[in-house]
Amino acid sequence: MNFFSLFKRNLIYKFKKKISIDEDTDEKKSLDDLFYFYGSDKANIFRLSNEKGHGYSLFYEEQLQHFKKKELKVLEIGSYAGASAAAFAKYFPNSDIFCLDINISNFKYVSKNIEVFGVDVKNEEKVRSILEDIFKIKGFKGFDLIIDDGSHLLSDIIYSLNFFFKYLNYKGIYVIEDYKFPNYFKRNKDCDELLVDQILVNLKEKKHFLSKVINQDNQRYLFKSIKSIDVFKGNLDESNICFIKKN
């Protein structure tokens with residue numbers, strides 16, 4: 001994406017009227033309630049269409065329950081309108097949510113606990129600059145939870161894992177949503193790399209694999225750093241989510 005398109009989207013976000021979730025005092029009992037209320041397709045029912053959503057709520061609650069009362073630092077890659085960011089900000093009320101998206105003009109929520117950055121995540125120099133500023137200003141050095149809900153293109157999923165995993169804290173969790181989209185949709189298999197499910201198997205078994213993105217040194221780093229990988233099937237045929245826990 002060229003500079004002017006990104007600049008225009010960021011400008012729209014800046015002046016767009018947004019909904020403050022800090023003023024929402026209605027208590028939601030579960031993460032699924034929050035996903036539904038704010039319009040995230042992670043919910044069992046997608047509010048905007050009243051059809052089945054991906055149904056990732058249960059898996060998130062099971063995997064993240066020990067985080068509930070902690071002061072988490074969360075990085076979300078791909079936020080669209082901010083529905084899941086809003087839900088996580090309410091579910092983890094003591095936490096800070098940082099959102100990276102190439103098109104933040106769709107973002108419609110605002111909170112003191114949410115910060116939004118319009119950036120192409122493959123622009124390493126810009127992303128590093130943003131992360132360094134966050135760490136310097138906020139006074140921390142890594143994230144407890146990183147969620148990749150971006151383009152779901154094979155190239156982007158692999159790139160993000162290779163780049164962002166090193167920013168995950170000790171005992172943190174890296175989540176990849178819809179990681180099998182490249183298996184189901186030809187348009188998402190946009191590069192000559194192993195499919196994500198195959199990469200996950202190799203990482204679990206600590207077996208090297210051919211990749212132009214994740215080199216041998218980075219593979220060894222992942223072998224050493226990953227404690228466990230849990231995969232789950234959601235409501236829809238294409239709904240798959242994985243949780244990669246760091247040592």
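Helices (H or I, at least four residues) and strands (E, at least two) are DSSP runs, numbered from the N terminus. The model is predicted, so that local features require pLDDT of at least 70 and side-chain atom pairs count only at pLDDT 80 or more, whereas totals for chains, interfaces and linings use all residues. Residues are numbered from 1 along each chain as its sequence is written, and side-chain values use heavy atoms, with hydrogens and water left out.

Just after H2, Gly39 adopts a positive phi of about 90°. H2 itself spans residues 31-38 and packs with helix H4 (residues 83-91) at an angle of about 140°, the two axes being 8 Å apart. Axes here are lines fitted to C-alpha atoms, for helices over the stretch in contact, and angles run from 0 to 180 degrees between N-to-C directions. The crossing of H2 and H4 is right-handed; a crossing is left-handed if the near helix is turned anticlockwise from the far one by less than a right angle, and right-handed if clockwise.

On the H2 side, the contact (heavy atoms within 4.5 Å) is made by Leu31, Leu34, Phe35 and Tyr38. H4 contributes Ala83, Ser84, Ala86, Ala87, Phe88, Lys90 and Tyr91. These residues divide into 9 nonpolar, 1 polar and 1 charged. In this division Ala, Val, Leu, Ile, Met, Phe, Trp, Tyr, Cys and Pro count as nonpolar, Asp, Glu, Lys and Arg as charged, and the others, Gly among them, as polar.

The buried residues of H2 are Leu31, Asp32, Leu34, Phe35 and Tyr38. They cover an arc of only 160° around the axis, which puts them on the same side of H2; the arc is that of the directions from the helix axis to the C-beta atoms. Their cover includes helix H3 (57-64), H4 and strand E6 (109-110).

In H3, the buried residues are Ser57, Phe59, Tyr60, Gln63 and Leu64. Their arc around the axis is only 165°, which places them on the same side of H3.

H4 is largely enclosed by the rest of the structure, because 8 of its 9 residues are buried. These are Ala83, Ser84, Ala85, Ala86, Ala87, Phe88, Ala89 and Tyr91.

## Nonpolar cores

A nonpolar core is a set of buried Ala, Val, Leu, Ile, Met, Phe, Trp, Tyr and Cys residues joined through side-chain atoms within 4.5 Å. The largest one has 41 residues, and those with the most contacts inside it are Leu100, Phe143, Ile146, Phe164, Tyr174, Leu203 and Ile244. Helix H6 (residues 154-164) gives the most to this core, with 7 residues. A second, separate core of 35 residues includes Ile21, Phe35, Val116 and Ile241.

When neighbours within four places in sequence are left aside, Ile146 is in contact with Leu75, Ile77, Phe164, Tyr167, Leu168, Ile173, Tyr174 and Val175.

## Individual residues

Most residues other than glycine have a negative phi. Lys171, in strand E9, has a positive phi of about 70° although it is not a glycine. Asp178, likewise not a glycine, has a positive phi of about 55° and lies in the loop between E9 and helix H7 (181-184).

Phe209 is found between helix H8 (196-205) and helix H9 (216-225), Cys191 between H7 and H8, and Leu48 between strand E2 (45-46) and strand E3 (51-52).

| Residue | Relative accessibility | Class |
|---|---|---|
| Lys171 | 53% | exposed |
| Asp178 | 2% | buried |
| Phe209 | 6% | buried |
| Cys191 | 21% | partly exposed |
| Leu48 | 63% | exposed |

Leaving aside neighbours within four places in sequence, Phe209 is in contact with Leu194, Ile199, Asn202, Leu203, Ile214, Gln216 and Gln219. Phe209 and Gln219 are 10 residues apart in sequence, with a C-alpha to C-alpha distance of 8.3 Å. Under the same exclusion, Cys191 is in contact with Leu154 and Ser155. The C-alpha atoms of Cys191 and Asp156 are separated by 9.6 Å, these residues being 35 apart along the chain. For Leu48 and Tyr38, 10 residues apart along the chain, the C-alpha separation is 9.4 Å.

Note on methods. Buried means under 20% relative accessible area, exposed over 50%, partly exposed in between (1.4 Å probe, protein chains only).
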